[in-house]
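Visitor: Could you take me through this model? I would like to begin with the overall layout and then turn to particular residues.

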Amino acid sequence: MQQAARKAKSYSGEQKPLTLSVIIPCYNEVDTLEAVLERVIDVGLANEIIIVDDASRDRSVGVAEVLAARHPEVRLLRHEKNQGKGAALRTGFRVARGDFVAVQDADLEYNPLELKELLVPLQRGDADVVLRPVLLDPVRCAQHVARQARARIVEHVQRDNVRARRGAR
C-alpha cells in the first residue's frame, strides 16, 4: 500500500508515514457500493475506509457487512434513522483515525483516482483542506442529475409498492 510522502512526528520525535481515512456515506447504494469500495482500495492510499450507512432501505447494509468482513481496513457504522448525508459525514469524521480524511460518495459521483491528486497539496503542506469541484464538468453534472433523478424515481416506486401492498390486505 502506498503511503503519503510527508511524515508526521510522533510523540517520541520519530517520523511516521501519514495515513488516510476515507469516509463513504451511504444511503440506498446497493448498486454501486461494492464498485466504489473496490476502486478506493485499488487506488492504494486508504489505511481506513469507513462506510456510514444512513438507514438505507435497500440491501446496502448487507453488502457493506460482506465488504467489511472481506477487507480488514473497512469499518461499517450505521444510523438507525435516516439523518442525511451531513450527519453520516459527521459520524465518520468522529471515528476517523487518519491524518487526512477524504469523502468518497457511494454513488461514484467522484472518481477515487482523484484522491491521489487531492493529497498532493496536503502532503506538501501547501493546504489544510482540499475540495473537489464536482459540477464544473458538464458530463459529471449530467451524470449527477441522472443519478439523483433515478434515486428519487426508485424511492417513489418503492413507496408506491408498499402502499399498494398495504391496501391489498
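This is a predicted model: local features need pLDDT of at least 70, side-chain atom pairs count only at pLDDT 80 or more; totals for chains, interfaces and linings use all residues.

Visitor: Fine. How many helices and strands does the chain have?

Guide: The protein chain has five helices and six strands. Read from the N terminus, the order of the elements is β-β-β-α-β-α-β-α-β-α-α.

Visitor: And what share of the residues counts as buried?

Guide: Of the 169 residues, 38% count as buried. The accessible surface of the chain is about 10300 Å², and carbon and sulfur atoms hold 53% of that area.

Visitor: What about contacts between residues at least 6 apart in sequence: what percentage joins residues at least 24 apart?

Guide: That percentage is 71%.

Visitor: Let us turn to helix 4. Which of its residues are buried?

Guide: Helix 4 spans residues 114–124, and its buried residues are Glu114, Leu115, Leu118, Leu119, Leu122 and Gln123. These residues lie on the same side of helix 4, because they cover an arc of only 165° around the axis.

Visitor: Which residues are exposed on the other side?

Guide: Glu117 and Arg124 are exposed there. Just after the helix comes glycine 125, which takes a positive phi of about 80°.

Visitor: Why does leucine 122 count as buried?

Guide: Leucine 122 has a relative accessible area of 10%, and the cut-off for buried is under 20%. The C-alpha atom of leucine 122 is separated by 8.2 Å from that of phenylalanine 100, a residue 22 positions away along the chain.

Visitor: New topic: how many salt bridges are there?

Guide: The count comes to ten salt bridges.

Visitor: Which salt bridge does arginine 78 form?

Guide: The side chain of arginine 78 meets that of glutamate 65 in a salt bridge, with an N to O distance of 4.0 Å. This pair links distant parts of the chain, 13 residues apart: arginine 78 is in strand 5 (residues 74–79) and glutamate 65 in helix 2 (residues 60–70). Arginine 78 is partly exposed at 46% relative accessibility, and glutamate 65 is also partly exposed, with a relative accessible area of 42%.

Visitor: And what is the partner of glutamate 155?

Guide: Glutamate 155 forms a salt bridge with arginine 159, with the closest N and O atoms 2.8 Å apart. The two residues are four apart in helix 5 (residues 138–168), so about one helical turn separates them. Glutamate 155 counts as partly exposed at 25% relative accessibility, as does arginine 159 at 28%.

Conventions:
Residues are numbered from 1 along each chain as its sequence is written. Side-chain values use heavy atoms; hydrogens and water are left out. Buried means under 20% relative accessible area, exposed over 50%, partly exposed in between (1.4 Å probe, protein chains only). The arc is that of the directions from the helix axis to the C-beta atoms. Contact means heavy atoms within 4.5 Å. Accessible areas come from the Shrake-Rupley method with a 1.4 Å probe; for residues, only the protein chains shown count as cover.
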